[in-house]
Structures are given as C-alpha cells and as structure tokens.
Amino acid sequence: TANGWRYALSAFLWLPVLVWAYARHRAPKGLWRAALVPSLFNAGGQICFGWGPYLIDPGLMTFGLRLQIVFVAIGAAALFAVERDLLKRPLFLGGLCVVALGTLATVALKPGGFEAKSTLGVGIAIASGLLYACYALSVRRYMHSMKPVIAFAAVSQYTSVLLVSLMLVFAPRFGADVATLTSFQLLMLALSSIIGIGLGHTLYFISLSRLGVAVSSGVVQLQPLIVSVFSMFLFNEVIAPLQWVTGSIAVTGAAVMLVAQHRWAMARAALASSSATTHDRA
C-alpha cells in the first residue's frame with residue numbers, strides 16, 4: 001500500500017516533465033525503451049525496500065542495503081571499461097574492501113543476535129541492495145546520455161504502474177487503507193514520495209552521470225549512519241558502540257574511494273591534456 005501510493009504520487013508529480021519534453025520536442029529518442037530495464041530493477045528493489053522495515057529496524061536495514069556497493073563494483077567492472085580502470089586502483093579497491101567489511105561487521109554485531117524474522121529482514125535488505133545495484137548499472141548503461149530529470153520521470157511512470165498493480169492485487173482493500181491514516185501520516189507519506197523518491201532518485205541519476213556508478217554508490221554509504229541516528233530517537237533502535245565503530249569504518253572506506261576517484265580523474269584529465277598538446281604540436 002505504501003509503495004503503491006508513494007510511487008503513484010511521484011509519477012503524477014513528474015508527469016508534467018514528460019508532457020513538457022514532448023511538447024517542446026525534447027524527449028530523447030527511445031526514452032521508453034531505455035527506461036524499461038531500469039524500471040524493472042527499481043520496482044524489484046522497491047518491493048524489498050518497502051518490506052524490510054516490517055522485519056528489522058531502519059538502521060540495521062540500511063546497513064544491509066549498503067552492500068549494494070559490492071554488487072555495483074562487480075557490475076561496473078563487467079559493463080564499463082572506464083569504471084574497470086578505476087577498479088584496478090589499489091586505493092579504490094582498498095576503500096571498497098573496507099566498506100564491505102565494515103558494513104558486514106555492523107550487521108553481524110546486531111544486539112541480541114538474529115532470530116528468523118530479523119534474518120529474513122537482513123536477507124531482504126541485501127536483496128534490495130542487489131536490485132538497486134542493477135538499477136544503477138542499467139540507468140548508466142541505457143540512459144546515460146539522457147537528461148536525469150526526464151530519465152527518472154519515465155522510470156517513475158513504469159515503476160508506478162508495476163507497484164500500483166501489485167497494490168491493487170495484494171493489498172488489503174486494494175490500498176484503500178490509506179483513507180484511515182491521520183492528516184500527519186498522510187503528510188509523511190506524501191513527503192516520503194516527494195523527497196525520498198522524486199528528489200532522491202533524480203539527484204542519484206545526476207550523480208550517476210557525473211561520478212559513475214561505483215563512486216555514487218560509495219558516497220551513499222553515509223545513509224546508514226544518518227538513518228541510525230534518527231532511528232534511535234524515533235524508534236528507540238539500539239545501536240551498539242562497536243556497531244558505530246564498524247559503521248564509521250565503512251564510511252571511511254567510502255571516503256577513501258572518493259579520494260581514489262578524484263586522483264584517477266585528475267590523472268586521466270592530465271593525460272588527455274598532454275595528448276592534445278602533443279597532437280597540436282605535431
């Protein structure tokens with residue numbers, strides 16, 4: 001129900017972007033074909049993302065979700081020659097390993113251990129990370145040349161159709177339970193759609209085009225720490241001191257990845273400039 005209504009609202013809000021693009025003849029050729037694969041992965045990731053909080057606390061869920069970066073690194077190396085070169089850098093690989101180990105340690109150190117429900121929740125969070133990794137990689141592969149706002153506007157339409165269809169088939173009262181929410185709850189639902197989906201995904205599309213999939217996913221490692229802080233106050237989630245340490249180590253690994261990417265980009269720019277100068281002289 002939450003997924004259906006959130007994406008329905010997001011699709012409605014971004015529909016004018018597509019109308020404007022087609023009215024001005026600025027819609028990219030093959031937009032809907034290019035958006036299909038990313039939308040399928042996005043819908044799958046969103047299904048897991050919407051299910052996870054019912055099984056485990058938000059902080060632990062986002063730490064499991066952030067294993068996405070490992071899947072992204074493997075996929076980027078397989079799909080993109082430029083990203084493959086970055087992944088050969090020892091500093092970048094070291095940061096990637098630190099992120100993965102720090103994240104796994106944070107999940108493993110959950111206070112009270114794991115029972116069947118929380119184990120399933122962690123598995124769903126990791127599955128969501130895998131699907132979102134495929135989502136990011138497919139956006140980069142199929143929609144890299146398109147304007148991020150138009151690209152996500154198309155993805156949001158496809159995704160909303162899938163998630164609203166699931167709501168109409170499986171949700172109690174076909175999703176009509178939303179009518180029982182208070183005004184404040186409805187406001188939170190709307191804001192989660194506007195901020196979490198509309199703005200969040202569009203900014204992610206922009207970062208994918210400017211930083212690449214590996215680095216963009218590395219920066220998002222900050223999410224678990226931010227979520228965990230708020231979850232402590234909102235839901236009384238218990239984060240053990242050692243988990244804060246391992247979580248901070250994971251964030252440090254993401255920072256190392258950024259440093260490695262910056263050095264790599266500077267080296268490539270210098271090489272390109274040197275090659276251009278040599279060519280001009282010749």
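Which residues have the most contacts inside the largest nonpolar core, and how many residues does this core have?

Reply: This is a predicted model, in which local features need pLDDT of at least 70 and side-chain atom pairs count only at pLDDT 80 or more, while totals for chains, interfaces and linings use all residues. Residues are numbered from 1 along each chain as its sequence is written, and side-chain values use heavy atoms, with hydrogens and water left out.

The largest nonpolar core has 27 residues, and those with the most contacts inside it are L31, Y135, M143, F152, V155 and F205. A nonpolar core here is a set of buried Ala, Val, Leu, Ile, Met, Phe, Trp, Tyr and Cys residues joined through side-chain atoms within 4.5 Å; buried means under 20% relative accessible area, calculated with a 1.4 Å probe on protein chains only. At least two residues of this core come from each of α1 (2-23), α2 (31-51), α7 (116-143), α8 (148-170) and α9 (183-211). These helices are DSSP runs of H or I with at least four residues, numbered from the N terminus. The most is given by α8, with seven residues.

F205 illustrates the packing: leaving aside residues up to four places away in sequence, F205 touches Y135, V139, P148, A151, F152 and V155, where contact means heavy atoms within 4.5 Å. A second, separate core has 14 residues, including F92, L137, M257 and W264.

Note on methods. Buried < 20%, exposed > 50% of the residue type's maximum accessible area, 1.4 Å probe, protein only.
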